[in-house]
Amino acid sequence: MYGVIRNLLFRLPPEAAHSITLRSLDLAHTMRLSGVLASKAGALPVKVMGLEFPNPVGLAAGLDKNADHLNALGALGFGFIEVGTVTPRAQPGNPKPRMFRLPEHQAIINRMGFNNEGLAHMLTQVDRRSYPGILGINVGKNKDTPAEESEQDYRKGIAAVYSRADYITVNVSSPNTPGLRDLQFGDSLKSLLHAIKDEQRQCQEASGRYVPVAVKIAPDMDDEGVRFVASALREAELDGVIATNTTISREAVAGHPHANEMGGLSGAPVRESSLRVIQGLYAELGDDLPVIGVGGITDGESAAEKIRAGAKLVQLYTGFVYRGPELIAEAVEAIRQLR
Ligand SMILES: Cc1cc2nc3c(=O)[nH]c(=O)nc-3n(C[C@H](O)[C@H](O)[C@H](O)COP(=O)(O)O)c2cc1C
(Lines give C-alpha, C1' and ligand atoms only; values in the text may rest on other atoms or scores of the structure.)
Protein backbone atom coordinates (compact mmCIF):
# COMPACT_ATOMS: atom_id res chain seq x y z
CA MET A 1 0.00 0.00 0.00
CA TYR A 2 2.82 2.40 0.85
CA GLY A 3 4.14 1.97 -2.73
CA VAL A 4 0.95 3.45 -4.18
CA ILE A 5 0.89 6.34 -1.70
CA ARG A 6 4.59 6.95 -2.30
CA ASN A 7 4.15 7.23 -6.06
CA LEU A 8 1.57 9.97 -5.52
CA LEU A 9 3.68 11.75 -2.93
CA PHE A 10 6.79 11.65 -5.11
CA ARG A 11 4.97 13.85 -7.66
CA LEU A 12 5.19 16.67 -5.12
CA PRO A 13 8.32 18.61 -4.16
CA PRO A 14 10.10 16.65 -1.38
CA GLU A 15 9.44 19.08 1.44
CA ALA A 16 5.73 19.37 0.57
CA ALA A 17 5.45 15.56 0.42
CA HIS A 18 7.21 15.36 3.78
CA SER A 19 4.79 17.68 5.55
CA ILE A 20 1.66 16.19 3.88
CA THR A 21 2.78 12.70 4.90
CA LEU A 22 3.35 13.70 8.50
CA ARG A 23 0.06 15.59 8.74
CA SER A 24 -1.79 12.61 7.22
CA LEU A 25 -0.12 10.30 9.72
CA ASP A 26 -1.28 12.57 12.54
CA LEU A 27 -4.82 12.48 11.18
CA ALA A 28 -4.76 8.68 10.84
CA HIS A 29 -3.48 8.43 14.39
CA THR A 30 -6.21 10.71 15.74
CA MET A 31 -8.77 8.53 13.93
CA ARG A 32 -7.15 5.46 15.53
CA LEU A 33 -6.09 4.12 12.14
CA SER A 34 -2.37 3.86 12.90
CA GLY A 35 -2.69 0.10 13.31
CA VAL A 36 -3.49 -0.23 9.60
CA LEU A 37 -0.29 1.60 8.64
CA ALA A 38 1.97 0.21 11.35
CA SER A 39 4.71 -2.26 10.63
CA LYS A 40 4.08 -5.77 11.85
CA ALA A 41 7.45 -5.86 13.61
CA GLY A 42 7.51 -8.46 16.38
CA ALA A 43 9.15 -7.88 19.74
CA LEU A 44 12.94 -8.21 19.88
CA PRO A 45 13.93 -6.67 23.22
CA VAL A 46 17.45 -5.37 23.73
CA LYS A 47 19.09 -3.46 26.58
CA VAL A 48 21.43 -0.66 25.51
CA MET A 49 22.75 2.35 27.51
CA GLY A 50 20.76 0.96 30.44
CA LEU A 51 17.48 1.29 28.53
CA GLU A 52 15.12 -1.52 27.53
CA PHE A 53 14.27 -1.21 23.81
CA PRO A 54 11.28 -3.26 22.56
CA ASN A 55 13.14 -3.76 19.28
CA PRO A 56 16.47 -2.44 17.97
CA VAL A 57 15.15 -0.44 14.98
CA GLY A 58 14.59 3.27 15.60
CA LEU A 59 13.69 6.40 13.69
CA ALA A 60 16.72 8.64 13.03
CA ALA A 61 16.83 12.35 13.83
CA GLY A 62 15.68 14.97 11.34
CA LEU A 63 12.34 13.53 10.26
CA ASP A 64 10.50 14.99 13.25
CA LYS A 65 12.67 17.97 14.12
CA ASN A 66 10.20 19.55 16.55
CA ALA A 67 8.57 16.45 18.07
CA ASP A 68 5.34 17.60 16.39
CA HIS A 69 4.45 14.11 15.14
CA LEU A 70 5.73 11.96 17.96
CA ASN A 71 2.49 10.14 18.75
CA ALA A 72 1.80 9.15 15.14
CA LEU A 73 5.38 8.13 14.36
CA GLY A 74 5.60 6.29 17.67
CA ALA A 75 2.66 4.09 16.69
CA LEU A 76 4.37 2.71 13.55
CA GLY A 77 6.38 -0.04 15.25
CA PHE A 78 9.78 1.63 15.80
CA GLY A 79 11.73 0.44 18.84
CA PHE A 80 12.57 4.07 19.62
CA ILE A 81 12.19 7.55 18.18
CA GLU A 82 14.81 10.29 18.02
CA VAL A 83 13.49 13.82 17.56
CA GLY A 84 15.47 16.99 16.67
CA THR A 85 17.92 18.33 15.89
CA VAL A 86 16.71 21.13 18.14
CA THR A 87 18.73 24.30 18.66
CA PRO A 88 18.35 26.63 21.68
CA ARG A 89 16.56 29.30 19.63
CA ALA A 90 14.16 28.75 16.70
CA GLN A 91 15.78 29.26 13.28
CA PRO A 92 14.43 29.06 9.73
CA GLY A 93 17.14 26.92 8.14
CA ASN A 94 18.36 27.42 4.58
CA PRO A 95 16.26 28.85 1.71
CA LYS A 96 14.15 26.35 -0.27
CA PRO A 97 14.62 24.17 -2.25
CA ARG A 98 16.84 22.39 0.25
CA MET A 99 15.83 18.72 -0.11
CA PHE A 100 16.31 16.65 -3.30
CA ARG A 101 15.33 13.07 -4.15
CA LEU A 102 17.63 10.78 -6.13
CA PRO A 103 15.29 7.78 -6.60
CA GLU A 104 17.72 6.00 -8.93
CA HIS A 105 20.04 5.74 -5.94
CA GLN A 106 17.43 5.42 -3.16
CA ALA A 107 18.98 8.61 -1.85
CA ILE A 108 18.26 12.15 -0.66
CA ILE A 109 20.45 15.25 -0.61
CA ASN A 110 19.45 17.80 2.04
CA ARG A 111 20.71 21.14 3.24
CA MET A 112 17.85 21.90 5.61
CA GLY A 113 20.21 23.70 8.01
CA PHE A 114 18.57 22.79 11.33
CA ASN A 115 15.24 24.44 10.58
CA ASN A 116 13.42 24.09 13.89
CA GLU A 117 11.17 25.84 16.39
CA GLY A 118 13.71 25.87 19.22
CA LEU A 119 13.90 24.26 22.66
CA ALA A 120 10.82 25.86 24.22
CA HIS A 121 8.54 24.50 21.49
CA MET A 122 10.17 21.06 21.65
CA LEU A 123 9.60 20.82 25.40
CA THR A 124 5.93 21.73 25.03
CA GLN A 125 5.46 19.06 22.37
CA VAL A 126 7.30 16.40 24.35
CA ASP A 127 5.27 17.20 27.47
CA ARG A 128 2.06 16.70 25.48
CA ARG A 129 3.00 13.32 24.08
CA SER A 130 1.09 10.13 24.67
CA TYR A 131 3.83 8.06 22.97
CA PRO A 132 5.00 5.75 25.75
CA GLY A 133 8.18 4.43 24.10
CA ILE A 134 11.85 5.34 24.21
CA LEU A 135 12.54 8.95 23.24
CA GLY A 136 15.92 10.30 22.13
CA ILE A 137 16.31 14.07 21.82
CA ASN A 138 19.01 15.32 19.45
CA VAL A 139 20.52 18.73 20.25
CA GLY A 140 22.61 21.10 18.13
CA LYS A 141 23.88 24.66 17.97
CA ASN A 142 22.32 27.71 16.36
CA LYS A 143 23.87 28.81 13.09
CA ASP A 144 24.58 32.30 14.40
CA THR A 145 26.20 31.14 17.64
CA PRO A 146 29.92 31.80 17.23
CA ALA A 147 32.11 28.67 17.08
CA GLU A 148 33.82 29.55 20.37
CA GLU A 149 30.42 29.57 22.12
CA SER A 150 29.23 26.22 20.69
CA GLU A 151 29.63 24.47 24.04
CA GLN A 152 27.12 26.85 25.60
CA ASP A 153 24.46 25.85 23.05
CA TYR A 154 25.03 22.14 23.71
CA ARG A 155 24.92 22.73 27.46
CA LYS A 156 21.63 24.62 27.09
CA GLY A 157 20.20 21.81 24.97
CA ILE A 158 21.20 19.07 27.40
CA ALA A 159 19.97 20.97 30.46
CA ALA A 160 16.61 21.77 28.83
CA VAL A 161 15.76 18.27 27.59
CA TYR A 162 17.41 16.28 30.39
CA SER A 163 14.25 15.62 32.43
CA ARG A 164 12.23 14.61 29.32
CA ALA A 165 14.61 12.43 27.30
CA ASP A 166 15.44 8.75 27.69
CA TYR A 167 18.73 9.51 25.95
CA ILE A 168 20.26 12.65 24.47
CA THR A 169 22.21 12.90 21.21
CA VAL A 170 24.79 15.60 20.65
CA ASN A 171 24.93 16.28 16.92
CA VAL A 172 28.35 17.44 15.72
CA SER A 173 28.05 16.01 12.24
CA SER A 174 25.54 17.93 10.12
CA PRO A 175 27.23 19.32 7.01
CA ASN A 176 24.70 22.16 6.86
CA THR A 177 25.81 24.29 9.81
CA PRO A 178 29.11 25.99 8.97
CA GLY A 179 31.98 24.81 11.18
CA LEU A 180 29.88 22.24 13.08
CA ARG A 181 31.80 19.20 11.90
CA ASP A 182 35.11 20.73 13.05
CA LEU A 183 33.90 19.83 16.55
CA GLN A 184 34.58 16.16 15.74
CA PHE A 185 38.34 16.56 15.73
CA GLY A 186 41.32 17.20 18.02
CA ASP A 187 41.10 19.51 21.02
CA SER A 188 37.71 20.88 19.93
CA LEU A 189 36.20 17.41 20.37
CA LYS A 190 37.94 16.77 23.68
CA SER A 191 36.86 20.10 25.08
CA LEU A 192 33.27 19.65 23.87
CA LEU A 193 33.01 16.12 25.32
CA HIS A 194 34.35 17.41 28.62
CA ALA A 195 31.67 20.13 28.68
CA ILE A 196 28.94 17.63 27.75
CA LYS A 197 29.95 15.24 30.52
CA ASP A 198 30.12 18.08 33.01
CA GLU A 199 26.60 19.23 32.05
CA GLN A 200 25.30 15.66 32.29
CA ARG A 201 26.80 15.30 35.79
CA GLN A 202 25.25 18.57 36.96
CA CYS A 203 21.85 17.53 35.61
CA GLN A 204 22.18 14.13 37.24
CA GLU A 205 22.99 15.69 40.60
CA ALA A 206 20.08 18.08 40.34
CA SER A 207 17.55 15.45 39.24
CA GLY A 208 18.84 12.21 40.75
CA ARG A 209 18.35 10.55 37.36
CA TYR A 210 21.03 9.40 34.90
CA VAL A 211 20.25 10.13 31.25
CA PRO A 212 22.74 8.63 28.76
CA VAL A 213 24.34 10.93 26.20
CA ALA A 214 25.48 9.78 22.75
CA VAL A 215 27.45 11.69 20.11
CA LYS A 216 26.50 11.54 16.43
CA ILE A 217 29.37 11.57 13.95
CA ALA A 218 29.84 11.89 10.18
CA PRO A 219 30.92 9.18 7.75
CA ASP A 220 33.52 11.49 6.19
CA MET A 221 36.33 10.55 8.51
CA ASP A 222 39.45 8.47 7.89
CA ASP A 223 40.39 5.48 10.05
CA GLU A 224 42.64 7.59 12.26
CA GLY A 225 39.80 10.07 12.81
CA VAL A 226 37.48 7.23 13.84
CA ARG A 227 40.08 5.90 16.30
CA PHE A 228 40.51 9.37 17.76
CA VAL A 229 36.76 9.81 18.27
CA ALA A 230 36.52 6.38 19.90
CA SER A 231 39.30 7.08 22.39
CA ALA A 232 37.97 10.57 23.16
CA LEU A 233 34.48 9.15 23.84
CA ARG A 234 35.90 6.49 26.11
CA GLU A 235 38.09 8.98 27.97
CA ALA A 236 35.17 11.38 28.49
CA GLU A 237 32.92 8.49 29.61
CA LEU A 238 30.18 9.23 27.12
CA ASP A 239 27.42 6.62 26.83
CA GLY A 240 27.14 5.89 23.11
CA VAL A 241 27.98 6.91 19.57
CA ILE A 242 25.63 7.23 16.59
CA ALA A 243 27.30 6.46 13.26
CA THR A 244 26.58 8.07 10.93
CA ASN A 245 25.08 11.29 9.67
CA THR A 246 24.90 12.17 5.93
CA THR A 247 27.99 12.36 3.70
CA ILE A 248 29.45 15.26 1.74
CA SER A 249 30.94 12.79 -0.77
CA ARG A 250 29.25 12.56 -4.18
CA GLU A 251 31.31 9.68 -5.57
CA ALA A 252 28.40 7.21 -5.49
CA VAL A 253 25.99 9.53 -7.31
CA ALA A 254 28.36 11.22 -9.79
CA GLY A 255 26.57 12.31 -12.95
CA HIS A 256 23.12 12.52 -11.35
CA PRO A 257 21.37 15.85 -12.12
CA HIS A 258 21.19 16.63 -8.37
CA ALA A 259 24.69 15.37 -7.56
CA ASN A 260 26.12 18.87 -7.28
CA GLU A 261 23.49 20.20 -4.89
CA MET A 262 25.16 21.32 -1.66
CA GLY A 263 24.29 19.38 1.48
CA GLY A 264 24.40 15.89 2.96
CA LEU A 265 23.75 12.76 0.93
CA SER A 266 21.82 9.95 2.64
CA GLY A 267 20.36 6.57 1.73
CA ALA A 268 21.97 3.69 -0.17
CA PRO A 269 25.09 5.69 -1.22
CA VAL A 270 26.14 6.22 2.42
CA ARG A 271 25.80 2.55 3.37
CA GLU A 272 29.44 1.57 2.81
CA SER A 273 31.05 4.56 4.51
CA SER A 274 28.69 4.29 7.47
CA LEU A 275 29.56 0.60 7.82
CA ARG A 276 33.30 1.35 7.71
CA VAL A 277 32.91 3.87 10.55
CA ILE A 278 30.85 1.41 12.64
CA GLN A 279 33.49 -1.30 12.12
CA GLY A 280 36.26 1.13 13.10
CA LEU A 281 34.42 2.25 16.23
CA TYR A 282 33.64 -1.31 17.29
CA ALA A 283 37.26 -2.37 16.79
CA GLU A 284 38.29 0.30 19.31
CA LEU A 285 35.38 0.20 21.72
CA GLY A 286 34.20 -3.40 21.67
CA ASP A 287 31.19 -3.76 23.95
CA ASP A 288 32.30 -0.97 26.33
CA LEU A 289 30.39 1.81 24.62
CA PRO A 290 27.48 1.01 22.30
CA VAL A 291 27.36 2.02 18.65
CA ILE A 292 24.02 2.93 17.07
CA GLY A 293 24.26 2.27 13.32
CA VAL A 294 22.54 4.50 10.77
CA GLY A 295 23.11 5.24 7.09
CA GLY A 296 21.80 3.49 4.01
CA ILE A 297 19.50 0.90 5.56
CA THR A 298 17.09 0.06 2.74
CA ASP A 299 16.35 -3.61 3.48
CA GLY A 300 16.86 -6.36 6.05
CA GLU A 301 20.40 -7.20 5.00
CA SER A 302 21.66 -3.60 5.23
CA ALA A 303 20.24 -3.46 8.79
CA ALA A 304 21.70 -6.84 9.77
CA GLU A 305 25.17 -5.98 8.46
CA LYS A 306 25.36 -3.04 10.86
CA ILE A 307 24.57 -5.32 13.80
CA ARG A 308 27.16 -7.85 12.55
CA ALA A 309 29.66 -4.98 12.42
CA GLY A 310 29.05 -4.33 16.12
CA ALA A 311 26.11 -1.90 16.30
CA LYS A 312 23.64 -2.62 19.11
CA LEU A 313 20.78 -0.61 17.61
CA VAL A 314 20.03 0.83 14.17
CA GLN A 315 18.08 3.82 12.87
CA LEU A 316 16.24 4.54 9.62
CA TYR A 317 15.56 7.71 7.70
CA THR A 318 15.94 7.69 3.90
CA GLY A 319 15.09 3.99 3.51
CA PHE A 320 11.93 4.65 5.52
CA VAL A 321 10.96 7.47 3.12
CA TYR A 322 11.38 5.11 0.15
CA ARG A 323 9.98 1.93 1.70
CA GLY A 324 7.57 3.01 4.46
CA PRO A 325 6.76 1.12 7.67
CA GLU A 326 7.34 -2.34 6.14
CA LEU A 327 11.07 -1.62 6.35
CA ILE A 328 10.85 -1.59 10.16
CA ALA A 329 9.55 -5.18 10.29
CA GLU A 330 12.02 -6.29 7.61
CA ALA A 331 14.94 -4.88 9.59
CA VAL A 332 13.72 -6.37 12.89
CA GLU A 333 13.28 -9.81 11.29
CA ALA A 334 16.73 -9.72 9.64
CA ILE A 335 18.31 -8.82 12.99
CA ARG A 336 16.34 -11.56 14.73
CA GLN A 337 17.94 -14.11 12.38
CA LEU A 338 21.36 -13.15 13.79
CA ARG A 339 20.48 -14.25 17.32
C1 LIG B 1 16.08 15.50 5.16
C2 LIG B 1 17.01 15.03 6.25
C3 LIG B 1 17.15 15.78 7.40
C4 LIG B 1 18.02 15.35 8.42
N5 LIG B 1 18.11 16.08 9.57
C6 LIG B 1 18.91 15.64 10.59
C7 LIG B 1 18.98 16.35 11.81
O8 LIG B 1 18.31 17.37 12.02
N9 LIG B 1 19.80 15.86 12.78
C10 LIG B 1 20.55 14.73 12.61
O11 LIG B 1 21.27 14.32 13.54
N12 LIG B 1 20.48 14.02 11.45
C13 LIG B 1 19.69 14.46 10.46
N14 LIG B 1 19.63 13.74 9.30
C15 LIG B 1 20.49 12.55 9.14
C16 LIG B 1 19.77 11.24 9.45
O17 LIG B 1 19.35 11.19 10.79
C18 LIG B 1 20.72 10.04 9.17
O19 LIG B 1 21.80 10.10 10.06
C20 LIG B 1 21.26 10.03 7.75
O21 LIG B 1 20.29 10.46 6.83
C22 LIG B 1 21.76 8.63 7.33
O23 LIG B 1 20.73 7.68 7.43
P24 LIG B 1 19.81 7.23 6.17
O25 LIG B 1 20.74 6.83 5.06
O26 LIG B 1 18.98 6.10 6.70
O27 LIG B 1 18.98 8.42 5.82
C28 LIG B 1 18.77 14.15 8.26
C29 LIG B 1 18.61 13.39 7.08
C30 LIG B 1 17.75 13.81 6.08
C31 LIG B 1 17.61 12.99 4.84
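S174 sits in the loop that links strand β8 (167–171) to helix α7 (186–207). Helices (H or I, at least four residues) and strands (E, at least two) are DSSP runs, numbered from the N terminus. This is a predicted model, in which local features need pLDDT of at least 70, side-chain atom pairs count only at pLDDT 80 or more, and totals for chains, interfaces and linings use all residues. Residues are numbered from 1 along each chain as its sequence is written, and side-chain values use heavy atoms, with hydrogens and water left out.

Let's look at S174 first. In an unreviewed UniProt entry, the annotation "active site" covers S174. UniProt positions follow the numbering used here, feature names are shortened, and annotations may be inferred rather than shown by experiment.

The table gives the values.

| Residue | Relative accessible area | Class |
|---|---|---|
| S174 | 7% | buried |
| L180 | 0% | buried |
| T298 | 10% | buried |

Next come the contacts, where contact means heavy atoms within 4.5 Å. Not counting residues up to four places away in sequence, S174 touches F114, L180, R181 and N245. With that exclusion, L180 touches F114, K141, Y154, N171, V172, S173 and S174. T298, leaving aside its neighbours within four places in sequence, is in contact with Q106, A268, G319, R323 and L327.

Now follow the chain into α7. How do α7 and α8 (residues 223–236) cross? Their axes come within 10 Å and cross at roughly 30 degrees. Axes are lines fitted to C-alpha atoms, for helices over the stretch in contact, and angles run from 0 to 180 degrees between N-to-C directions. Angles under 35 degrees count as roughly parallel, over 145 as roughly antiparallel, 65 to 115 as roughly perpendicular and the rest as oblique. The two helices, α7 and α8, are therefore roughly parallel to each other. On the α7 side, G186, L189, K190, L193 and K197 meet F228, V229, A232, L233, E235 and A236 of α8.

Finally, the unreviewed UniProt entry places the feature "domain: Dihydroorotate dehydrogenase catalytic" at residues 44–335. Over residues 44–335, the chain is 35% helix and 19% strand, with the end C-alpha atoms 9 Å apart.

How values were computed
Buried < 20%, exposed > 50% of the residue type's maximum accessible area, 1.4 Å probe, protein only.
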